[in-house]
Amino acid sequence: MSAHASTPVTVTVTGAAGQIGYALLFRLASGAMLGPNVPIKLNLLEIPQATQAAEGTALELMDCAFPLVAGMEVFDDPAKAFDGVNIAMLVGARPRGPGMERADLLSANGGIFSVQGKALNAGAAEDVKVVVVGNPANTNALIASAHAPDIPDSRFTAMTRLDHDRALAQLAAKMDQPVAAIRKLAIWGNHSASQYPDITHATVNGVSATSLVAESWIADEFIPRVAKRGAEIISVRGGSSAASAANAAVEHMRLWVQGTPDGDWTSMAVPSDGSYGVPEGIISSFPVTTHNGEYSIVQGLEISDFSRTRIDASVAELLSERDAVAQLGLL
Ligand SMILES: NC(=O)C1=CN([C@@H]2O[C@H](COP(=O)(O)OP(=O)(O)OC[C@H]3O[C@@H](n4cnc5c(N)ncnc54)[C@H](O)[C@@H]3O)[C@@H](O)[C@H]2O)C=CC1
Ligand SMILES: O=C([O-])CC(=O)C(=O)O
C-alpha cells in the first residue's frame with residue numbers, strides 16, 4: 001500500500017455495473033475499506049454492453065462528492081483497468097444460465113479470469129492484492145493466479161468472509177449475544193455448499209462455543225444454514241446476496257490491509273501451503289491473521305475427526321474443480 005497517505009490507492013472493481021458493484025463502490029469511496037485518510041482512485045471495469053450503466057454509477061459516485069475520491073474511470077479493457085492497480089476486486093463473472101453445466105460455467109468464467117490474470121500480470125502495481133468474489137470464486141482465483149506468473153501466488157485470494165459473517169450472525173442469534181462477543185470462528189474449504197463453518201475453536205464471551213450448543217445443532221442446523229445461505233437469500237429476496245457480499249468484500253480487504261484484531265481471526269481463501277493436510281495447488285479457505293498487509297494461516301489448531309471429514313470433503317470438491325479447469329486448458 002502507498003506509504004504516503006496523500007498518494008491515491010488505485011482500486012479496480014470488475015462487474016462494476018452489477019448488483020454487488022453498486023453496493024460496493026460507494027462503500028469504497030466513503031473510506032470504509034482503507035480508512036478516512038487514504039485517497040482512492042476507482043477504476044470500474046465492465047463488458048462493453050454494460051459500460052453505459054457503469055458510467056451512470058460513476059455519475060452518482062461523483063454526486064456523492066466523496067472527499068477521498070481522487071479519480072474515477074470506466075473501462076471495457078482489462079489492460080487499462082488494471083494498469084497500476086493496488087487492490088483488484090474481481091466481482092464480475094458470468095452466472096450459470098439455463099441448461100449450463102458446471103463445466104460450461106467454469107469454461108465461461110475461465111475465459112474471463114485468464115484474461116484478467118494476464119492483464120494484472122502486465123500492469124498491476126508491485127504491491128497488488130487481489131480478491132475474487134465472482135463464482136466459482138476459489139477456482140476463478142486459481143485461474144487468474146496461473147495467468148499471472150510474475151505476481152506472487154499469495155496475492156490471489158477468494159472471498160469467504162461472507163460465509164464467516166453469516167456464521168457469526170447465526171451463532172450470535174442462537175446465543176442471544178452480540179456478534180462482538182464471538183471470536184475465532186473459521187470457514188474452511190470452498191465457497192460453496194461443501195464449505196465447513198467451524199466453531200470448534202470459537203468462543204462466546206470467552207467461553208468455548210461448543211460447550212454452549214448441542215452437537216446436533218452444529219451438524220443439522222448451523223452448518224447447513226450457513227453453507228446454504230446463498231440459496232436461502234435467492235429464494236427469499238428473489239436475487240442473490242449483493243449488499244452483504246459487498247460488505248464482506250470490504251471486510252476481506254480492510255482486514256488484509258489494516259490487520260486483524262488481537263485475539264481474533266478472519267477467514268480467507270488463500271493458496272494452500274499444505275497446512276492442515278490441504279494440498280498445495282488449490283485456493284482454500286483457512287482461518288488467517290493479518291499484519292502489515294500480509295496474512296498467515298493460523299497454525300497449530302487441533303482438528304477433530306468431525307472437522308477432518310468436513311474439511312476433506314470441501315477440499316475434494318476444490319481438487320475436482322481444479323482438475324476440470326486444467327482439462328479445459330485454463331491452468
Ligand atoms: N464469494 C461470495 O461470497 C459471493 C459471490 N457472488 C458472485 O459474485 C458475482 C457477481 O454477482 P452480482 O454482482 O450479483 O452479479 P450481476 O450479474 O449483478 O453483476 C455481474 C456484472 O459483471 C459484469 N461482467 C461479466 N463479465 C465481465 C468481465 N469479463 N469483465 C468485467 N465485468 C464483467 C456483468 O456485465 C455484470 O454487470 C457472481 O458470480 C456471484 O455468483 C455473489 C455473492 C457472494
Ligand atoms: O449463492 C450464490 O449464488 C451467491 C453466493 O455465492 C452467495 O450468496 O454466497
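This tour moves through the structure in a few stops, saying at each one what to select and what is found there.

Before selecting anything, keep in mind that this is a predicted model, in which local features need pLDDT of at least 70, side-chain atom pairs count only at pLDDT 80 or more, and totals for chains, interfaces and linings use all residues. Residues are numbered from 1 along each chain as its sequence is written, while chains are lettered from A and ligands numbered from 1 in the order in which they are written.

**Ligand 1**

Begin by selecting ligand 1 together with the 28 residues around it, of which Gly15, Gly18, Gln19, Ile20 and Gly92 come nearest; a residue is near a molecule if its C-beta atom, placed from the backbone, lies within 6 Å of it. Colouring this shell by class gives 15 nonpolar, 11 polar and two charged residues, where Ala, Val, Leu, Ile, Met, Phe, Trp, Tyr, Cys and Pro count as nonpolar, Asp, Glu, Lys and Arg as charged, and the others, Gly among them, as polar. Helix 1 (residues 19–30) supplies the largest share of the shell, three residues; helices here are DSSP runs of H or I with at least four residues, strands are runs of E with at least two, and both are numbered from the N terminus. Domain 1 (9–158) and domain 2 (161–321) each contribute at least three residues to the shell around ligand 1, with the domain bounds coming from an automatic or database domain assignment.

**Ligand 2**

Select ligand 2 next, and with it the surrounding residues Asn135, Leu162, Gly230, Ala231, Ile233, Ser240 and Ser241. This shell divides into three nonpolar, four polar and no charged residues, and helix 8 (residues 229–237) gives the most to it, with three residues.

**His191**

Now go to His191, which an unreviewed UniProt entry lists under "active site"; such annotations may be inferred rather than shown by experiment, feature names are shortened, and positions are given in the numbering used here. His191 lies in the loop between strand 8 (186–188) and strand 9 (196–198). Is His191 buried or exposed? His191 counts as buried because it has 30 C-beta neighbours inside 10 Å, the rule being that 20 or more other C-beta atoms within 10 Å make a residue buried, 12 or fewer make it exposed, and counts in between make it partly exposed, with C-beta atoms placed from the backbone. Leaving aside residues up to four places away in sequence, the contacts of His191 include Asp163 and Ala269, a contact meaning that two C-beta atoms, placed from the backbone, lie within 7 Å.

From Ala269, look across to Ser285 in strand 13, which stands opposite. Strand 12 (residues 266–271) and strand 13 run antiparallel and are joined by six bridges; two strands pair if DSSP finds at least two bridges between them. Strand 13 (residues 283–291) also pairs with strand 14 in the antiparallel sense, over four bridges. These two strands form a hairpin with two residues between them, and Asn292 in the turn has a positive phi of about 50°. In strand 14 (residues 294–297), Tyr295 and Ile297 make up the covered face, whereas Glu294 and Ser296 make up the uncovered one. Tyr295 is the bridge partner of Thr290, and Ile297 is that of Val288.
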